[in-house]
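This report goes through side-chain pairings in one protein chain. Please look at the sequence and the structure before reading on.

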Amino acid sequence: MEGETGVEAMSESATLQQWTGEPRLPEVIHHHYGIKLKEARPVGGVLRLKTDQGTYGLKRVHEREELRWKLLRELAEHISETEWIRIPSPVLTRHQGITVAGRRRKYVLLPWIEGEVKDLRNGNRWAQVARVLARFHSASKGFSPSIRSRGLSHTGKWEPIWQDLTQQVHMFKLAADLSAEPEPVDHLWLRQCSYIEGMLETALRYLQKMGGDEVVRSTRGGGEACHCNLHRRNLIWGNGDEVHLIDWNRLILDVRSRELARFLLYAYGRTGSLEPITAILKAYQETAPLEEAEYGLIYAQLLFPHRLLRSLSRIYREQKIPSHLAEGHLSSTLGQEEKKEGLLREFPEWIQREFNVSIPRVDWLRK
């Protein structure tokens, strides 16, 4: 590294190897990008790199994520043609590649965004984020990527995806039921599976009552892409309370009602109140008004137990949760599902009251 002694350079490389497992990361960066590393430190799950050409973030690319980063590059180019918003675009290598391979992992290089993480419960921050989200969705209108991947495109495919996930739940139930030596998590899951199967059926029937995937496709005019991982640590606040969306490795193609449902659920989970939900939807519609059908699609998404299915998949299919931690992990997720019942009970009446829009109720949730 230019300007450093040999001992300092060796020390820096040794520290990088300790963080990443990569013995020659500075050389890899220089070879692929033509930039010289001056300093590196971990920040929020990425490496913040100071180089001779500015500051960047180096993020690990997990298995099967590469197509998402290519999709992000195309989406960023599409959005750059508007004046709505800017999103971080992966830096291309000297040979126009999106990712680079170290000895142990792949990486993507991103522009560094200066700012800080803030508590969304203070001030008017829920509304500020909602306006940024509305600008992002609006800027994604008309986006048609060259990349074709079933796993990245969910628009108008909610019914088959939800049906497939329902089948997975049946398989998880079978796996727990037939286990020769049941673990505590298996007993917990078997006690709760009837409730979850009921929620899956309720969500799918509600979507079909709304008009199913035909109605989903009819709302594509509101936007074509979703960040799909919005929480306070993926929101960077810059000068003048400007908000930047970061960490795009869950980007998918889908309509905005999916994203809004997830963000509303996050806000409710953080506060237990409808107040931030009111702020979010009102601020969002200052920029991008919703169609009446979209309120029902938001509710269908709220009904579907996405978080719980993700937890079950990590436990039974991916086996990423150690057996001694699995029961606590599932119990925590079940608690989150139960907590959202308050939102599910109140949402239809609240929508009617706040926005004068009538959506179907779920009778058993009103009892």
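## Helices and the model

Helices here are DSSP runs of H or I with at least four residues, and they are numbered from the N terminus. The model is predicted.

## A ring pair within one helix

F263 and Y266 form an aromatic pair that is stacked, with 6.5 Å centre to centre and 15 degrees between the planes. Both residues belong to helix 8 (residues 256-271); because they are 3 residues apart there, about one helical turn separates them.

## Ring pairs across the chain

A pair of aromatic rings is described by the distance of the centres and the angle of the planes. The count of aromatic pairs comes to 12. One of them joins Y206 and Y299, which are edge-to-face at 5.1 Å centre to centre, with 75 degrees between the planes. This pair links distant parts of the chain: Y206 is in helix 6 (residues 184-210), Y299 is in helix 10 (residues 292-303), and the two are 93 residues apart. Y206 and Y299 are both buried.

Y206 and Y299 also belong to a cluster linked by ring pairs, together with Y295, F347, W350 and F355. A ring can also have a charge over it: the charged end of R125 sits over the ring of W237, 5.8 Å from the ring's centre.

## Salt bridges between helices

Side chains of opposite charge can pair when their charged atoms come close. The count of salt bridges comes to 20. In one of them, the side chains of E286 and R131 meet at 3.0 Å, N to O. Here too distant parts of the chain are linked, with E286 in helix 9 (residues 275-287) and R131 in helix 4 (residues 125-139), 155 residues apart. E286 counts as exposed, at 56% relative accessibility, while R131 is partly exposed, with a relative accessible area of 24%.

Another salt bridge is formed by the side chains of K173 and E197, at 3.7 Å, N to O. K173 lies in helix 5 and E197 in helix 6, so this pair ties together parts that are 24 residues apart in sequence. K173 is partly exposed, with a relative accessible area of 31%, whereas E197 is buried at 18%.

## A salt-bridge network

## A buried loop residue

N229 is found in the loop between strand 6 (225-226) and strand 7 (235-237). With a relative accessible area of 13%, N229 is buried. Leaving aside neighbours within four places in sequence, N229 is in contact with N234, D247, R250 and E259.

## A nonpolar surface patch

On the surface, M171, L174 and L178 form a nonpolar patch, and together they have about 330 Å² of accessible area. M171 is found in helix 5 (residues 158-177). M171 is exposed, because its relative accessible area is 53% and the cut-off for exposed is over 50%.

Conventions:
Residues numbered from 1 in each chain as written. Predicted model: local features only at pLDDT ≥ 70, side-chain atom pairs only at ≥ 80, totals over all residues. Heavy atoms only, no water. Phe/Tyr/Trp six-rings, centres within 6.5 Å; stacked < 30°, edge-to-face > 60°. Buried < 20%, exposed > 50% of the residue type's maximum accessible area, 1.4 Å probe, protein only. Lys NZ or Arg CZ within 6 Å of the ring centre and 35° of its normal. Contact = heavy atoms within 4.5 Å. Patch = residues over 30% accessible without salt bridge, like charges linked within 9 Å, V, L, I, M, F, W, Y side chains within 5 Å. Areas by Shrake-Rupley, 256 points an atom, 1.4 Å probe, with all protein chains shown as cover. Salt bridge = Lys/Arg side-chain N within 4 Å of Asp/Glu carboxyl O.
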